[in-house]
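Look at the structure below before reading on.

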Amino acid sequence: MSDSAKENQNYDVVIVGAGFAGLYMLHRMHQAGRTARVFEAGSGVGGTWYWNRYPGARCDIQSMEYSYSFSEELQQDWEWPEKYSAQPDIEKYANHVADRFNLRSDIQFDTRVSEASFDDDDSSWKIQTDQGDVVTAQFFIMATGCLSSTNMPEIEGMDNYTGDTYHTGQWPKDDVDFTGKNVAIIGTGSSAIQSTPVIAQQAESLTVYQRTPSYSLPSANHPSDPEYVADVKANYKEFREANQKMPAGTGAEWLKDMNEPMMTYSPEEQQEIMESMWTKGGFTFVRSFPDITLDYAANEIAADFVRDKIRGTVEDADTAELLCPEIVIGCKRMVIDSGYYESFNEKHVHLIDLRDNPIEGIEETGIRTSDGLREYDAIVYATGFDAMTGSILKVDIKGRENKSLRDEWVAGPRTYLGLNSVDFPNMFTITGPGSPSVLTNMMVSIEQHVDWISDCIAYMDEKEFATIEATQDAQDEWVDHVNSVADKTLFTDPNCNSWYLGANVEGKTRVFMPLPGYPAYKEKCEEVVANGYEGFNLA
Ligand code: N01
């Protein structure tokens with residue numbers, strides 16, 4: 001048992017994770033005068049921004065939006081150096097928040113929650129950690145993040161490799177120096193695309209192993225513009241409110257002049273609009289027209305536009321062609337980059353396309369594909385995450401009558417509002433599957449969920465309810481609702497194996513996990529409360 005381990009300690013609330021969700025949840029519990037304990041596997045706060053410290057890690061939501069709104073003083077005081085924040089600045093912010101709101105003393109670091117079980121007799125949760133803690137709590141809250149359980153592929157022979165091995169999602173805290181090294185990176189999602197140009201600056205050679213090309217959009221990142229920042233800060237409340245009305249809780253500013261569906265414009269006008277959105281940088285491009293992610297014809301025109309940009313950037317025509325994606329644009333999370341395609345114009349950066357030349361195995365010195373062995377000093381796995389459910393199901397969670405959440409979710413997660421599941425009373429998932437979560441600015445969704453849960457706990461206290469639990473009907477209807485909304489989009493295209501669908505993890509059931517459409521979801525949550533927590537049993 002660790003020095004800090006607790007036995008038989010009882011708390012009002014146990015929170016798993018000290019990322020942005022866990023920190024704000026703890027703050028709300030402090031404000032309400034409740035006892036709370038946070039268990040965090042890392043040695044510091046920040047969650048995904050603690051673990052993903054790979055070279056080039058950067059947020060794809062603008063800094064003025066990717067920050068808490070709950071404290072006017074905090075949002076006025078904090079200065080972001082860049083339009084899109086780099087990982088070190090976001091981690092610094094998380095640490096500032098932890099100190100400013102006196103959160104550290106209730107966070108136990110280097111501690112992973114291993115088991116949690118609901119006791120029907122006294123309506124409480126028993127929580128156990130890998131450090132020997134055994135504590136109880138009335139409420140058990142998973143603030144584990146949507147992208148925190150890394151996905152490490154099983155490739156034959158990988159354990160025999162004698163060089164250095166890294167996963168972007170579990171990057172070491174000590175500086176990694178690739179100077180003079182021959183480096184391989186496996187994967188071409190956001191993490192690989194962000195790290196490629198930065199690793200390429202150091203490494204002797206960098207080889208990118210691509211299985212499915214991604215669509216990447218230029219970030220047009222730049223140092224923060226003081227005039228713009230002053231403007232936002234002068235009207236921060238209105239700025240946040242405007243974003244709350246957006247489908248993804250972000251982008252009110254650049255979408256204020258939203259265009260009509262693509263086909264209402266001439267081909268020349270379509271190109272002009274896309275060019276102007278492309279130049280603005282970031283996700284603006286996918287919002288050039290409201291139907292890009294809804295209509296196959298519009299989608300193909302937008303995809304062609306990006307493919308032409310790739311061909312116009314990458315000098316070697318064969319490499320450019322290999323980098324051009326074929327899938328529906330936007331069915332996987334769009335990537336925002338700073339100089340990814342340009343990297344392939346450097347002589348020491350190479351692309352191996354795995355579609356014609358698959359990996360056969362990893363050997364002591366390198367990676368073997370069908371065309372032979374290439375040797376490396378280091379291999380970087382940028383192979384993503386067991387998203388949305390991975391970290392929740394890593395904990396062995398048992399609800400009423402010893403029912404296992406792993407069993408209940410074997411055919412995909414089943415929740416009501418992404419907040420709670422039948423047979424798991426008083427357990428909440430912050431930005432859980434079935435809520436907009438990863439399809440939004442996460443900060444917006446985190447604050448909305450934490451506020452909802454905090455208000456719910458206060459309500460239960462006031463009315464002297466001991467437990468809250470989704471009803472079977474409400475949960476079944478909600479799961480159907482999430483599926484039917486997703487089916488109206490191109491997210492569920494059968495040729496697209498995204499992590500939204502769990503299709504990137506071998507053996508995981510293919511189900512679309514987040515819910516598109518933040519404002520309608522938020523209204524639904526408010527309506528549920530207004531109707532006395534409709535769809536929940538309060539006992
Ligand atoms: O992971 P991914 P990620 N052999 O799953 C490949 C967020 N994020 O860490 O597509 C060979 O997107 C896999 O290939 P394929 C963001 O939401 C945000 O990059 O399955 N390749 C794919 O290319 C993002 O979407 C930020 O064919 C293998 C890659 O690995 C999410 O995190 C920054 C393989 C994994 O891509 C995940 O991004 C970074 C194998 N066996 C991340 N297994 C920002 O805020 C997997 N791959 C900007």
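A disulfide is a covalent bond between the sulfur atoms of two cysteines. For this report, a pair of cysteine sulfur atoms counts as a disulfide if they lie within 2.5 Å. The model discussed here is predicted.

## The disulfide

Searching the whole structure turns up one disulfide. Its partners are C331 and C496, with sulfur atoms 2.0 Å apart. The link between C331 and C496 is right-handed, with 85° about the S-S bond. C331 sits in the loop between α10 (317–323) and β11 (335–337), and C496 in the loop between α15 (472–487) and α16 (518–530), so the bond ties together parts that are 165 residues apart in sequence. C331 and C496 are both buried.

## Two cysteines without a partner

C146 takes part in no disulfide: the nearest cysteine sulfur belongs to C59 and is 14 Å away. C146 counts as buried because its relative accessibility is 6%, and the cut-off for buried is under 20%.

C324 is also in no disulfide; for C324 the nearest cysteine sulfur is that of C331, 16 Å away. With 5% relative accessibility, C324 counts as buried.

## The second largest pocket

The second largest pocket has a volume of about 750 Å³. It is lined by 36 residues, of which A248, R287, T293, L439 and F491 are the closest to its centre. The lining consists of 20 nonpolar, 11 polar and five charged residues.

Where does the second largest pocket lie? Domain 1 (3–149 + 387–538) and domain 2 (152–215 + 330–384) both contribute residues to its lining, so the pocket lies between them.

How values were computed:
Residues numbered from 1 in each chain as written. Predicted model: local features only at pLDDT ≥ 70, side-chain atom pairs only at ≥ 80, totals over all residues. Heavy atoms only, no water. 1 Å grid on protein atoms, 1.4 Å probe; cavity = no way out; pocket = protein on both sides within 12 Å on 5 of 7 lines; lining within 4 Å. Points joined across faces, edges and corners; volume = space filled by probe spheres on them. Nonpolar A, V, L, I, M, F, W, Y, C, P; charged D, E, K, R; others polar. Domains from an automatic or database assignment. Helix = DSSP H or I, 4+ residues; strand = E, 2+ residues; numbered from the N terminus. Buried < 20%, exposed > 50% of the residue type's maximum accessible area, 1.4 Å probe, protein only.
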